[in-house]
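Please look through the structure shown below before reading the notes that follow it. The briefing begins with a term and then goes topic by topic.

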Amino acid sequence: MGVTEAAGVLARKAAKAGERRSTEGQGDGRGADRHHGPPAPTLTGGARARAAPAPSEAAGGASVSARSPALGCSYRPALVPLLFDELHRIDVWEHIADWYRGPGGDDRLRRFARATPVTLHSLAMSIGSSPDQYQQQYVHDLARLARVAEVDHVSDHLAFSRVGPQLLPHFLPLWRIEEQLELVAENVDRVQDELGARLLLENPASPLDPGGDLSTAEFLNELCGRTGCAVLLDLENLRVNADNGQLDAAKELETLELRNVAGVHLAGGTDPDDEAPAFDAHAWPVHDRVLAWLAGVVPEAPDCRWVVVERDGRLEQGEEVAGDLDRIRRLLHAD
């Protein structure tokens, strides 16, 4: 399915969803206003770029009830036809910003953003690295894409993702000490000024843990306090790191200041066994334990704007993704 065709399908499904919600969803706070609410404010410059979004703002200018975040899915072309019957119930699509940096990317992203709300997730900012020409160009491109998509955020990872121009095969965690924290805070301030938008940083799944004086939750708390950035809380990454013996998940969730959480990632990875550790494969249904954590996080995270299901492997199993979306939807609207 081509970009134009996919964007058209999403637009038609969103329009039909709005018509259906305007008649069936009146009074429940979850209806057509998700797609037709007032646009989110345009953020430009340092202090405004770091301003916390109101709980009622959803991605890409849509609005969502303060009762629950928007429900989203990672955009993968192969998933769109498999989720055809679910498209009208997906509030926001997460797009990998890196896919749109090259020629023609602006136009493709613009078509999607006009069709349905989007959120932008990038992969190669390497926020833990000392600034260089590669990071500067990368952030410059992200700023342009944020303007094209008319979003007031970009998300990436609290990690190293490259050395100079060379991308690493996996996100590598930061050494959680004051010197690293100071460097990351300086990077975040500069990036947010360049983006004209708020930066959300995701807790990564880590093949190793370098340790430090702070836990990841403490590091994120301090970073958000110093810079006004926010957290993209990946609960599957938390499960993977816990199952691999790197942290206590309950303690991390208790320590993390959930008021800083602006979005949540869910996915399905592998369990550890005698041959391999747990891995964030993004290829299986979301674990029940992860959904239980979500149920505890959302009520305590008033600025959480969306919950996104990520899927990168076994894309032909669209029914599994549809099942995940249904379980999460019922959880978010349990009341």
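A contact, as the word is used here, means that heavy atoms lie within 4.5 Å of each other. This is a predicted model, in which local features need pLDDT of at least 70 and side-chain atom pairs count only at pLDDT 80 or more, while totals for chains, interfaces and linings use all residues. Residues are numbered from 1 along each chain as its sequence is written, and side-chain values use heavy atoms, with hydrogens and water left out.

**The chain as a whole**

- The protein chain has twelve helices and ten strands, where helices (H or I, at least four residues) and strands (E, at least two) are DSSP runs numbered from the N terminus.
- Of the 335 residues of the protein chain, 55% count as buried; buried means under 20% relative accessible area, exposed means over 50%, and partly exposed lies in between, with a 1.4 Å probe and protein chains only.
- Among the contacts in the protein chain with a separation of 6 or more, 77% are made by residues 24 or more positions apart.
- The protein chain exposes about 13900 Å², of which carbon and sulfur atoms supply 52%; accessible areas come from the Shrake-Rupley method with a 1.4 Å probe, and for residues only the protein chains shown count as cover.

**D271 and its surroundings**

- D271 is found in the loop between β9 (261–266) and α11, and with 46% relative accessibility it counts as partly exposed.
- Leaving aside residues up to four places away in sequence, D271 touches R239, D243, A276, P277, A278 and H287.
- D271 and D243 are 28 residues apart along the chain, and their C-alpha atoms are separated by 7.5 Å.
- A network of salt bridges links D271 with E236, R239, D243 and R289.

**Salt bridges**

- A salt bridge is a side-chain nitrogen of Lys or Arg within 4 Å of a carboxyl oxygen of Asp or Glu, and by this rule the count comes to 22 salt bridges.
- One of them joins R289 and D243, whose closest N and O atoms are 3.0 Å apart.
- Because R289 lies in helix α11 (residues 288–297) and D243 in helix α9 (residues 235–243), this pair ties together parts that are 46 residues apart in sequence.
- R289 is partly exposed at a relative accessible area of 36%, and D243 is also classed as partly exposed, at 25%.
- Another salt bridge is formed by D209 and R176, again with 3.0 Å between the closest N and O atoms.
- D209 sits in the loop between β7 (198–202) and α8 (216–227), and R176 in the loop between β6 (166–172) and α7 (178–195), so the pair ties together parts that are 33 residues apart in sequence.
- The relative accessible area of D209 is 35%, which makes D209 partly exposed, whereas R176 is buried at 10%.
- The side chains of R259 and E257 also meet in a salt bridge, with 3.0 Å from N to O; R259 counts as exposed at 53% relative accessibility, while E257 is partly exposed at 28%.

**Cysteines**

- A disulfide is a pair of cysteine sulfur atoms within 2.5 Å, and by this rule the count comes to zero disulfides.
- C229 is in no disulfide, since the nearest cysteine sulfur, that of C224, is 4.0 Å away.
- C229 counts as buried at 1% relative accessibility, and C304 is buried with a relative accessible area of 5%.

**The second largest pocket**

- A pocket is found on a 1 Å grid over the protein atoms alone, as an open set of points where a 1.4 Å probe fits, with protein on both sides within 12 Å along at least five of seven lines, and its lining residues have an atom within 4 Å of a point.
- About 470 Å³ of space lies in the second largest pocket, the volume being the space filled by probe spheres set on grid points that are joined across faces, edges and corners.
- This pocket is lined by 23 residues, of which L123, H157, F171, D280 and H282 lie nearest its centre.
- β6 gives the most to the lining of the second largest pocket, with five residues.

**Backbone angles in two loops**

- E150 has a positive phi of about 60 degrees although it is not a glycine; E150 belongs to the loop between α6 (133–149) and β4 (153–157) and is exposed, with a relative accessible area of 64%.
- R314 likewise has a positive phi, of about 50 degrees, without being a glycine; R314 is in the loop between β10 (306–309) and α12 (318–332) and is partly exposed at 25%.
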